[in-house]
Amino acid sequence: MWLPKIRELKEAIGSLFSAPYTTKFPADMSAVDLPDGFRGKPKYDTDACIGCGTCAQVCPPGAIDIIDDKNKMTRTLRVDYNRCMNCGQCEEKCITETGITMTKDFVLVLTDRSDPSAFESVEKELVVCESCGAIIGCKDHLAWIKDRLGAKAYAHPNLLLWTQEQFAEPGPAEVKSRIRREDQMKQVCAKCRYQIVTADEF
Ligand code: SF4
Ligand code: SF4
């Protein structure tokens, strides 16, 4: 009965003169050795992200919200770390490959789920249809498509206008009652463009 107590006492005294077994986590992360490929919090790269929204579509738990604001002409992609399960699908399916990446930062110790550090976001400029006001996409996304298409981009008026830098000024588009042939050389959505090319009367 006394033998275990003596052993514990010996260990307790010995521990007073030895280095601690525990680390000062999260204050001191130097002892944390993470392997390559470790998936921590996903993080956007403002320059590499083009605002296409693919990451939000492939996110299994729906942790990425797409928030479009036509008054400010912005699209915000926001990752909610409370819902993120660090699967890495957003990084793997990102069409630019570097728009969002999995960092090695995994510490998420919060007492309030609405704490700003529980979210990661990127904001991009929107392009809306000059005819009906529908959202076409982000400026950076159109530029990315234009660059990939090369000379073929000149076949599409929206992309041609991008090369001429004739995007609509930020602000809500004027909604027209009737669409005309001359509207062809405007930034219009796919639905309005279809109406323009199939209209009998001009
Ligand atoms: S890591 Fe997975 S769960 Fe987290 S935002 Fe990306 S796709 Fe969604
Ligand atoms: S470019 Fe990548 S990170 Fe940006 S919205 Fe598209 S898929 Fe998401």
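Tutor: Two residues are in contact if their C-beta atoms, placed from the backbone, lie within 7 Å. Among contacts in this protein between residues at least 6 apart in sequence, 66% join residues at least 24 apart. Please note that the model is predicted: local features need pLDDT of at least 70, side-chain atom pairs count only at pLDDT 80 or more, and totals for chains, interfaces and linings use all residues. Residues are numbered from 1 along each chain as its sequence is written, while chains are lettered from A and ligands numbered from 1 in the order in which they are written.

Student: How many helices and strands does the protein have?

Tutor: Helices (H or I, at least four residues) and strands (E, at least two) are DSSP runs, numbered from the N terminus. The protein has 6 helices and 6 strands, and along the sequence they follow the pattern α-β-α-β-β-α-β-β-β-α-α-α.

Student: In what order do the strands of the open sheet stand?

Tutor: Strands of a sheet pair through backbone hydrogen bonds, either parallel or antiparallel. Here, two strands are taken to pair if DSSP finds at least two bridges between them. The open sheet has 4 strands in the order β2-β3-β5-β6, with antiparallel pairing. Because β2 (64-69) and β6 each have a single partner strand, they stand at the edges, and one side of each is left without a neighbour in the sheet. Neighbouring strands of this sheet are turned by 30° against each other on average, direction ignored; axes are lines fitted to C-alpha atoms, for helices over the stretch in contact, and angles run from 0 to 180 degrees between N-to-C directions.

Student: Which residues stand opposite one another in β5 and its partners?

Tutor: Strand β3 (residues 74-80) is joined to strand β5 (residues 119-128) by 7 bridges, and T74 stands opposite E125 in β5. Between β5 and strand β6 (residues 135-138) there are 3 bridges. Across that pair, L126 stands opposite C138, V127 opposite G137, and V128 opposite I135. The hairpin of β5 and β6 has 6 residues between the strands, and G133 takes a positive phi near 85° there.

Student: Which helix lies across β5 and β6?

Tutor: Helix α4 (residues 139-149) does, running at about 75° to β6. To describe its residues, one needs a burial scale: a residue is buried if 20 or more other C-beta atoms lie within 10 Å of its own, exposed if 12 or fewer, and partly exposed in between, with C-beta atoms placed from the backbone. The buried residues of α4 are D140, H141 and L142. After α4 comes G150, with a positive phi near 65°.

Student: What percentage of the protein is buried, and which residues of the largest nonpolar core touch the most other members?

Tutor: In soluble globular proteins, nonpolar side chains tend to be buried together. A nonpolar core is a set of buried Ala, Val, Leu, Ile, Met, Phe, Trp, Tyr and Cys residues joined through C-beta atoms within 7 Å. Buried residues make up 21% of the 202 residues in this protein. The largest nonpolar core has 27 residues, of which C55, I64, C90, I100, V127 and C129 touch the most other members. The elements giving two or more residues to this core are β3, β5 and β6, and β5 gives the most, with 4 residues.

Student: Is M73 buried or exposed?

Tutor: M73 counts as buried because it has 21 C-beta neighbours inside 10 Å. This residue is found in the loop between β2 and β3. Most residues other than glycine have a negative phi, yet M73 has a positive phi of about 55°. E97, in the loop between α3 (89-93) and β4 (100-102), likewise has a positive phi, near 75°. E97 is exposed, with 11 other C-beta atoms within 10 Å.
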